[in-house]
Amino acid sequence: MADLEERANVVASGSRQAGAGVSVRRRRVTDLADCVRLLDAVHTADGYPTDWPDRPADWLTPDGLLAAWVAESDGRPAGHIGLARSTPGDVAPVLWSRRTGARPELTAVISRLYVAPAARGHGIGARLMANALTHARALGLHPVLDVLATDTGAVACYRRLGWTWLGSVDQQWSGGRSVVVQCFAAPRE
């Protein structure tokens with residue numbers, strides 16, 4: 001798994017020095033306030049999440065959450081990622097199942113991935129992703145995710161990290177909005 005982590009760091013930054021001064025650890029309940037403040041900064045800069053949740057701390061802790069991690073840069077929160085069991089509304093596990101013939105329940109969904117705007121370009125997202133991938137695989141689950149098609153930076157990042165595109169799906173969101181999500185599966189070990 002160290003190979004995958006190194007590749008993630010190299011791909012994300014273009015150098016082997018990615019993430020200097022960055023640590024990734026399991027999220028604690030006491031981290032939620034900082035994670036919400038960081039999410040607010042990301043929302044202001046990038047519009048993620050598209051719809052600001054009424055209860056952001058709960059949004060960061062969805063049903064089926066298996067684990068979540070926080071990245072710190074020089075001791076300050078710099079990023080977040082979650083890993084959850086698939087739920088009936090998740091489309092990436094269904095597309096992965098159709099492609100592989102395996103049950104959707106054998107997936108874990110990467111979610112709530114974000115990095116502080118000021119901390120980008122240092123491999124933080126790739127380091128968070130590597131932790132989530134390692135954990136999912138230790139549980140015998142295959143990681144998948146979906147991302148809005150309009151989030152071209154994230155789509156490009158997943159492609160650079162070797163994720164397999166599973167397809168695009170139209171989803172109906174609140175207020176009758178229709179959005180397109182791109183679905184991806186993690187590279188094979």
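Q: How many bridges join β4 to β5, and do they run parallel or antiparallel?
A: In this predicted model, β4 and β5 run parallel and are joined by three bridges. Within this pair of strands, A108 stands opposite P143 in β5.

Q: Which sheet order do those strands belong to?
A: They belong to an open sheet of seven strands with mixed pairing, and its order is β1-β2-β3-β4-β5-β7-β6.

Q: And which are the edge strands?
A: The edges are formed by β1, residues 22-26, and β6, residues 164-172, each of which pairs on one side only. Across this sheet, neighbouring strands are turned against each other by 25° on average, with direction ignored.

Q: Switching to helix α6, which of its residues are buried?
A: Helix α6 spans residues 152-160, and A154, V155 and Y158 are buried in it. These three lie on the same side of α6, because they cover an arc of only 100° around the axis.

Q: Why would residues three or four places apart point the same way?
A: An α-helix has 3.6 residues a turn, so residues at that spacing point the same way.

Q: What covers the buried residues of α6?
A: The cover includes strands β4 (107-115), β5 (142-148) and β7 (178-185), together with helix α5 (124-138).

Q: What follows α6?
A: After α6 comes G162, whose phi is positive, near 90°.

Q: Last topic: how many disulfides does a search of the whole structure find?
A: The search finds zero disulfides.

Q: Is C35 buried or exposed, and what about C183?
A: C35 is buried, with a relative accessible area of 1%, and C183 also counts as buried, at 0% relative accessibility.

Key
Residues are numbered from 1 along each chain as its sequence is written. This is a predicted model: local features need pLDDT of at least 70, side-chain atom pairs count only at pLDDT 80 or more; totals for chains, interfaces and linings use all residues. Side-chain values use heavy atoms; hydrogens and water are left out. Buried means under 20% relative accessible area, exposed over 50%, partly exposed in between (1.4 Å probe, protein chains only). Helices (H or I, at least four residues) and strands (E, at least two) are DSSP runs, numbered from the N terminus. The arc is that of the directions from the helix axis to the C-beta atoms. Contact means heavy atoms within 4.5 Å. Two strands pair if DSSP finds at least two bridges between them. Axes are lines fitted to C-alpha atoms, for helices over the stretch in contact, and angles run from 0 to 180 degrees between N-to-C directions. A disulfide is a pair of cysteine sulfur atoms within 2.5 Å.
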